[in-house]
Amino acid sequence: MLKGEILLKAGTLWTSVQASTLHALKCGALLSIPTEFEFVEQDGVNFLVRILSNLTRKDAAKKQQDKQTSAGKDFNPFLPYEQDLFVADISDTHVCILNKFNVVDYHLLLITRAFEEQESLLTLEDFAALLACLADFDGLAFYNSGKTAGASQRHKHLQIVPLPLAPTGMQIPIEPLLASAELKDGVGKISQLPFVNAFAILDPNWVESPLTSAAAIWQVYHNLLSAVEIEIVDSRTPSAAYNLLATKEWMMIVPRSQEKFQSISVNSLGFAGALLVKNEQEMQLLKNTGPMNILKEVAVKKSIVKST
């Protein structure tokens, strides 16, 4: 069993998330970005596409961050994190905070207490903290492994958004394709996706014992990396960028080839069937190209990876 301590008291996270959100809104620490959304269908998936209404707040913060970086300061919004965004102590290695510039209500960040690179491999401690959160938060967890995978901050952080992702339709837009998963010993791929991916079923009971189950889900994670031929360069670094998605029931990894399709950025949520565009021009580009085609362009084409 993993050594360490889970500090989060069972059954308290959702209450803490709600209370922290009210506090952060009241004091102005939480700067939600308003969006509108519509569904765009392609290849059996009803993609949820959000269009940003106002990026002024985030753009101003980004300019301030760039100014600090250009002045020689290695800016890190998570060390220290903003106290007014604090949700809960999860473990002796991880803290849960609110996403300051959230597009979705109750968007959580699970950050390491000490600095680790966002490109580094997920650890037993990462998975123990994640399982502890998912035990009391019905959500979709994701990890953008590096800038090419859509990460915007270097400090390691997993993210969790509540389910369902939209008020109508499927809990997760990609759900209709999960049934096509071809599994062998619990690991395989979703054959209907036109890009390299690896998929695995998880035991939902693992969330009840995070320290005990961390090794099991960590092994699944490594099996998925191996299935898409992502190697471990050293003890901490993968050989390629990737996106990871996980619920209590399943996990998926998608290797990445580029961060954007033209001007449209894609992170892990894109592979769950949820995309974000900045304006009407990008929305039209997405519709003209097709959301699944965009994912295919930023992922890795199946022909590139050798069959096993």
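Reader: What should I know before we start?

Author: It's a predicted model, where local features need pLDDT of at least 70 and side-chain atom pairs count only at pLDDT 80 or more, while totals for chains, interfaces and linings use all residues. Residues are numbered from 1 along each chain as its sequence is written, and side-chain values use heavy atoms, with hydrogens and water left out.

Reader: Okay, which residue does UniProt list as "active site"?

Author: His157, and that comes from an unreviewed entry. UniProt positions are given in the numbering used here, feature names are shortened, and annotations may be inferred rather than shown by experiment.

Reader: Where does histidine 157 lie?

Author: In strand β7. Helices (H or I, at least four residues) and strands (E, at least two) are DSSP runs, numbered from the N terminus.

Reader: Is histidine 157 buried or exposed?

Author: Histidine 157 counts as buried, at 5% relative accessibility. Buried means under 20% relative accessible area, exposed over 50%, and partly exposed in between, with a 1.4 Å probe and protein chains only.

Reader: And what is histidine 157 in contact with?

Author: Leaving aside neighbours within four places in sequence, histidine 157 is in contact with Phe78, Leu109, Leu110, Ile111, Gln118 and Tyr143. Contact here means heavy atoms within 4.5 Å.

Reader: Switching topic: which residues does UniProt list for the C-terminal domain?

Author: The unreviewed entry gives residues 192-300 as "domain: ATP adenylyltransferase C-terminal". That span is 33% helix and 21% strand, and its end C-alpha atoms lie 14 Å apart.

Reader: Tell me about α5. How far apart are its end C-alpha atoms?

Author: They are 25 Å apart, which agrees with the 26 Å that the 18 residues of helix α5 (residues 210-227) should span at 1.5 Å a residue. The expected span is 1.5 Å times one less than the number of residues.

Reader: Which residues in α5 are buried?

Author: Among them are Leu211, Ala214, Ile217, Val220, Tyr221, Leu224 and Leu225. What covers the buried residues of α5 includes α3 (124-134), β9 (187-190), β10 (198-201), β11 (242-246) and β12 (250-255).

Reader: Where are the cis peptide bonds you'd point me to?

Author: One runs from leucine 79 to proline 80, with omega near 0 degrees; proline 80 is in the loop between α2 (56-70) and β3 (86-89). The bond from leucine 163 to proline 164 is cis too, and proline 164 is in the loop between β7 (157-162) and α4 (175-178).

Reader: Last one: in what order do the strands of the open sheet come?

Author: β1-β2-β15, with mixed pairing. β1 (35-42) and β15 (274-277) stand at the edges with a single partner strand each, so one side of each has no neighbour in the sheet. Strands pair if DSSP finds at least two bridges between them.

Reader: How many bridges join β1 to β2?

Author: Eight, and β1 and β2 (residues 45-52) run antiparallel. Phenylalanine 39 stands opposite leucine 48 in β2.
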